[in-house]
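Trainee: I would like to know what the terms for this model rest on. Can we go through them one by one?

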Amino acid sequence: MFVPSFYRESDSSWMVDLIRGNPLALAVANGCPKNGPFATHLPVIFDPETSADWTGELPGATLLGHMNRANPHWAALETGGVLLLTFTGPHSYVSPTVYEVTPAAPTWNFTAVHVRGVVEKIDEMEETLEVVQSTVRAFEGAFGDGWDMTESLGYFRKIAPAVGAFRFKVTGAEGMFKLSQEQPGEVRDRVRKSFGESACTYKRETAGLMSRLP
């Protein structure tokens, strides 16, 4: 991902927070010339065994993901192969009316993290079940209502043979946080204020990130 220097954030917590808050990744692999490339939307979490409280640079972290085994993408994945996971955070259109200057051009503020890494496919059923349960625990804690999965574990075991789970060892990561940094301070403040007062959730979330800028 091409990231101009003024859209980079040196604090690694920006990328970690974006992944935790927006865990539906797009997994991309080249595949073969006939059928590739492959792209699959799938849930991703930090491995609770090794990276649950990860706060530092992303390389070295382990992520967990899963997809349907019937997906041709699963058959194309190989242990030791390289995969790209992309995460999209808050984003919104910026109208020049907000700038209050002329000439001006519209743009789109957005945030994204691209993570490269090596795949380890999980073959053991119990390990696959643990990935599913860990994902439920993570998402119920962050986005759900604390649902107790105990009475559904039998159902999980029935559907687990169709689940392709994998570990993902991060080898590289890039984050782009395009939040009007190219604009003069007073213009950027107008964008942030406009977004913050908007009824649009995307704009308010983008304004929240803009407020973290120095």
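Trainee: What percentage of the 214 residues of the protein chain count as buried?

Mentor: 42% of them count as buried. Buried means under 20% relative accessible area, exposed means over 50%, and partly exposed lies in between, with a 1.4 Å probe and protein chains only. Keep in mind that this is a predicted model: local features need pLDDT of at least 70, side-chain atom pairs count only at pLDDT 80 or more, and totals for chains, interfaces and linings use all residues. Residues are numbered from 1 along each chain as its sequence is written, and side-chain values use heavy atoms, without hydrogens and water.

Trainee: Why is Thr40 called buried?

Mentor: Thr40 has 11% relative accessibility, so it counts as buried. Thr40 lies in strand β2, residues 38–46. Helices (H or I, at least four residues) and strands (E, at least two) are DSSP runs, numbered from the N terminus.

Trainee: Which residues is Thr40 in contact with, leaving aside its neighbours within four places in sequence?

Mentor: Contact means heavy atoms within 4.5 Å. Beyond those neighbours, Thr40 is in contact with Ala25, Leu26, Ala27, Met67, Asn71 and His73.

Trainee: What makes the Thr40 side chain and the Asn71 side chain a polar contact?

Mentor: A polar contact is a pair of N or O atoms within 3.5 Å; within protein, one must be able to donate a hydrogen and the other to accept it, and residues adjacent in sequence count only if both atoms are side-chain atoms. The two side chains make such a contact at 3.1 Å.

Trainee: How do you know that β1 and β2 pair?

Mentor: Two strands pair if DSSP finds at least two bridges between them. Six bridges join β1 (residues 24–29) to β2, and the strands run antiparallel. Ala25 has Leu42 as its bridge partner in β2.

Trainee: How many bridges join β2 to β3?

Mentor: Three, again with antiparallel strands; β3 covers residues 62–68. Phe46 stands opposite Leu63 there.

Trainee: Which strands does β5 pair with?

Mentor: β4 (residues 82–94) and β5 (residues 107–121) pair over eleven bridges, in the antiparallel sense. Leu84 stands opposite Arg116 in β5. β5 also pairs with β6 (residues 163–178), over twelve antiparallel bridges. In that pair, His114 stands opposite Glu174.

Trainee: Is Glu100 buried or exposed?

Mentor: Exposed, because its relative accessible area is 61%.

Trainee: And Ser180, buried or exposed?

Mentor: Ser180 has 0% relative accessibility, so it counts as buried. Ser180 lies in the loop between β6 and α5 (185–196). Its phi is positive too, about 70°, although it is not a glycine.

Trainee: How many helices and strands does the protein chain have?

Mentor: Six helices and six strands. Along the sequence the pattern is α-β-β-β-α-β-β-α-α-β-α-α.

Trainee: What percentage of contacts between residues at least 6 apart in sequence join residues at least 24 apart?

Mentor: In the protein chain, 73% of those contacts do.
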